[in-house]
Amino acid sequence: MTALFDLTTPGYRLRARGVSRSLSPARWDGASVAQAAREALAEAAQTRGAEAPLVVGLIPFNCAEQAVFYLPQEVEWSTPADRPDLPPAPQASAPDMLQLRGGDSPAYRASVAEAIRRIHAGQLDKVVLARRVTVESGSPIDVDGVYQRLCGRNSTAYVYRMDLPQADGEAPAVLLGASPELVLGSDAQGRVQSLPLAGSAPRGGDPEADQQAAQALLRSPKDLAEHALVVQAVGETFRRFADDVSVPASPDLVQTPVIWHLGTPISGSLRPGVSPLELVYALHPTPAVGGWPLETARQAIAELEDFDRGFYAGLLGWMDGQGRGEWVLVLRGGIVAGATAIVYAGAGIVANSDPEKEHAETATKLRTFINALA
């Protein structure tokens with residue numbers, strides 16, 4: 001495992017290389033991971049002197065499964081000023097030199113219809129259903145180029161790249177993408193913040209149409225109801241671990257190059273002795289990527305999706321010994337191995353969802369990564 005970790009945010013770029021020490025907690029839960037990180041960071045601080053160590057991590061969608069946490073050998077901080085200023089990508093689904101499989105998915109529409117039936121039957125309120133497409137290139141995909149294009153076209157996003165663990169005989173694989181969503185940020189004073197996103201609409205083709213799309217999203221009963229479920233769940237989880245929790249009454253508009261989102265900034269102060277990693281695990285997965293009620297939604301996802309999410313819709317981030325860190329959702333991305341990329345996108349399904357519109361929403365979200373491939 002070459003263990004390259006790269007995270008470019010609106011405020012900084014973090015590049016980490018190598019593995020100094022891997023974390024192996026007793027269990028994959030918040031308390032166990034927090035304890036393992038606390039001990040590893042304290043030991044590293046004693047041996048490294050002035051250099052402040054940190055831990056980087058990748059948590060799968062099913063957070064009870066094995067995650068990837070380690071202390072890097074080398075850490076480099078810089079500003080994101082070197083992001084290239086690239087024009088918007090074409091609106092086509094995929095560049096001509098790429099072959100796309102799974103762009104149209106009758107099976108996904110059928111899964112959405114079944115989810116709507118279950119919601120109307122009172123089995124659940126919301127479920128997020130994802131689909132994946134395969135993109136084949138005529139030559140090995142230039143991962144460095146993809147990362148640069150993601151940075152250049154998504155200046156407000158959290159652009160991530162992480163080498164995945166390799167089993168014997170497996171080809172090297174890289175997880176990368178441009179996430180719009182900060183699940184948890186924390187500082188050395190214990191202040192924590194989250195920006196959950198739920199409810200979305202495609203960007204308009206000109207400024208007037210774009211603003212109309214944004215304002216329609218702010219008034220959409222379907223999207224406001226979907227967003228309210230997420231905000232309620234995140235706010236309640238914050239109150240279990242933090243004081244002075246602030247939850248605004250109405251959402252803001254959050255834009256990416258291809259889509260508008262509804263977002264609500266939530267903040268608070270961790271209680272003494274609580275690690276940000278405990279809150280990270282308690283939050284994940286939020287209804288923004290799972291659904292509500294959570295366990296019923298997880299069961300529906302397992303039954304209606306035709307693949308294992310793995311690290312898709314998981315969390316990626318870092319934390320230092322002072323509790324500073326950021327954790328983002330693994331969205332708007334995919335896994336690249338050689339000349340093949342597997343790309344993922346999902347949509348929140350509620351009572352008045354429409355299978356065709358949800359399929360179109362996932363197609364819009366898939367463009368963020370597909371357009372960066374060439």
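Start with β15 and strand β16, residues 259–263. 4 bridges join them, and the two run antiparallel. On pairing: two strands pair if DSSP finds at least two bridges between them. Helices (H or I, at least four residues) and strands (E, at least two) are DSSP runs, numbered from the N terminus. In this pairing, Gln 255 stands opposite Trp 260 in β16.

Before going on, the ground rules. This is a predicted model, so local features need pLDDT of at least 70 and side-chain atom pairs count only at pLDDT 80 or more, while totals for chains, interfaces and linings use all residues. Residues are numbered from 1 along each chain as its sequence is written, and side-chain values use heavy atoms, with hydrogens and water left out.

Now the whole sheet. It is open, with 3 strands in the order β13-β16-β15, and the pairing is antiparallel. Which strands are at the edges? β13 (197–202) and β15 (252–255), each pairing on one side only. From one strand to the next, the twist averages 30 degrees.

Next, the helices. Helix α4, residues 207–219, lies across β13, β15 and β16, at about 30 degrees to β16. Helix α8, residues 355–370, packs on the sheet too, touching β13 and β16, and its direction makes about 105 degrees with that of β16. Contact here means heavy atoms within 4.5 Å. Axes are lines fitted to C-alpha atoms, for helices over the stretch in contact, and angles run from 0 to 180 degrees between N-to-C directions.

On to charges. How many salt bridges does a search of the whole structure find? 22. The criterion is a side-chain nitrogen of Lys or Arg within 4 Å of a carboxyl oxygen of Asp or Glu.

Stay with α8. Glu 356 forms a salt bridge with Arg 109, closest N and O atoms 2.9 Å apart. This pair links distant parts of the chain: Glu 356 sits in helix α8, Arg 109 in helix α2 (residues 106–120), 247 residues apart. Glu 356 is partly exposed at 44% relative accessibility. Arg 109 is buried, at 18%. The cut-offs: buried is under 20% relative accessible area, exposed over 50%, partly exposed in between, with a 1.4 Å probe and protein chains only.

Last pair. Arg 309 bridges to Glu 305, closest N and O atoms 2.7 Å apart. Buried or exposed? Arg 309 counts as buried because its relative accessibility is 5%. Glu 305 is buried as well, at 8%.
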